[in-house]
Amino acid sequence: MPVREAGTAPSSPPGQTEGVLVLRPARPEDAAAVAAVHVRSWQAGYRGLIPAAVLDDLRPEERAARYRFGEDDASAPATVVALDDGAIVGFATTGPREDPACGELLALYVDPDAWDRGIGRRLLAGARVALARTGSERGLVWVLAGNARAERFYRADGWEHDGTRRHAEVWGVAVEELCYRRPHLGDGLGARP
Ligand SMILES: CC(C)(COP(=O)(O)OP(=O)(O)OC[C@H]1O[C@@H](n2cnc3c(N)ncnc32)[C@H](O)[C@@H]1OP(=O)(O)O)[C@@H](O)C(=O)NCCC(=O)NCCS
């Protein structure tokens with residue numbers, strides 16, 4: 001699937017952009033659509049890893065209320081959304097850490113109906129570029145223990161488990177996570193360390 005960043009010329013004539021994935025910064029009005037993807041992706045991707053009752057009770061509106069999209073604050077997390085034919089199908093959130101040379105991928109979710117179409121890979125490349133633009137040289141992401149799909153996904157993009165694990169609370173849920181790192185952020189899609 002071709003990709004372009006919002007604000008650049010489309011690679012197809014107007015009205016023929018079907019199949020073109022657009023990445024752009026999240027706006028406040030995206031919150032409901034992002035939250036719907038967030039919850040659906042949790043429910044499909046974390047089934048068997050997080051108690052079913054927790055997953056079934058997730059409420060998109062609670063998540064939507066806590067996003068801070070469109071704030072002009074370089075020290076706050078930044079979210080990029082992926083749009084397929086105008087509909088939000090995924091998002092990635094990046095943020096600075098205490099070590100300014102190492103940026104963190106805080107979230108990366110694709111709607112389950114759109115998995116395995118290369119959208120996550122595009123978002124991951126966009127997230128690496130976003131982190132590099134804010135001065136980071138390296139990246140890290142915490143992956144839910146047992147999330148084999150995500151581990152395979154990150155490894156394919158040059159991220160490696162550094163051997164550390166942690167207990168954390170994510171959206172009120174106690175989880176165990178593995179730390180994956182990328183020693184260089186590269187310069188976009190397909191760039192390997
Ligand atoms: C993990 C997730 C984001 C992947 O998104 P996706 O859109 O389905 O992934 P893609 O279609 O882009 O990946 C396609 C393939 O490219 C691979 N790939 C990714 N980056 C690559 C790269 N730079 N070079 C080569 N291959 C790459 C992936 O491993 C995958 O290969 P596979 O099908 O053999 O496993 C998605 O499944 C998801 O939202 N899961 C639930 C939430 C989750 O686990 N998020 C991660 C939180 S840490």
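A nonpolar core is here a set of buried Ala, Val, Leu, Ile, Met, Phe, Trp, Tyr and Cys residues joined through C-beta atoms within 7 Å, and a residue is buried if 20 or more other C-beta atoms lie within 10 Å of its own, exposed if 12 or fewer, and partly exposed in between, with C-beta atoms placed from the backbone. The model is predicted, and local features need pLDDT of at least 70, side-chain atom pairs count only at pLDDT 80 or more, while totals for chains, interfaces and linings use all residues. Residues are numbered from 1 along each chain as its sequence is written.

**View 1. The largest nonpolar core.** Among the 38 residues of the largest nonpolar core, those that touch the most other members are Val-34, Val-80, Ala-82, Phe-91, Ala-92, Leu-123 and Ala-127. At least two residues of this core come from each of strand E2 (21–25), H1, strand E3 (78–84), strand E4 (87–95), E5, H4, E6 and strand E8 (173–182), where helices (H or I, at least four residues) and strands (E, at least two) are DSSP runs numbered from the N terminus. H4 provides the largest share of this core, seven residues. In soluble globular proteins, nonpolar side chains tend to be buried together.

**View 2. The surroundings of Ala-92.** Leaving aside residues up to four places away in sequence, Ala-92 touches Thr-79, Val-80, Leu-105, Ala-107, Leu-108, Leu-123, Leu-124, Gly-126 and Ala-127, a contact being two residues whose C-beta atoms, placed from the backbone, lie within 7 Å.

**View 3. The shell around the ligand.** There are 23 residues around the ligand, of which Gly-45, Trp-115, Gly-120, Arg-121 and Ala-156 come nearest; a residue counts as near if its C-beta atom, placed from the backbone, lies within 6 Å of the molecule. Helix H1 (31–45), strand E5 (102–110), helix H4 (119–133), strand E6 (138–144) and helix H5 (148–156) each contribute at least two residues to this shell, and H5 gives the most, with five residues. By class, the shell holds 11 nonpolar, six polar and six charged residues, with Ala, Val, Leu, Ile, Met, Phe, Trp, Tyr, Cys and Pro counted as nonpolar, Asp, Glu, Lys and Arg as charged, and the others, Gly among them, as polar.

**View 4. Ala-174 in strand E8****.** Ala-174 counts as exposed because 9 other C-beta atoms lie within 10 Å. Ala-174 touches His-167 and Glu-169, not counting residues up to four places away in sequence. Ala-174 and Ile-50, although 124 residues apart in sequence, are 8.8 Å apart in space, C-alpha to C-alpha.
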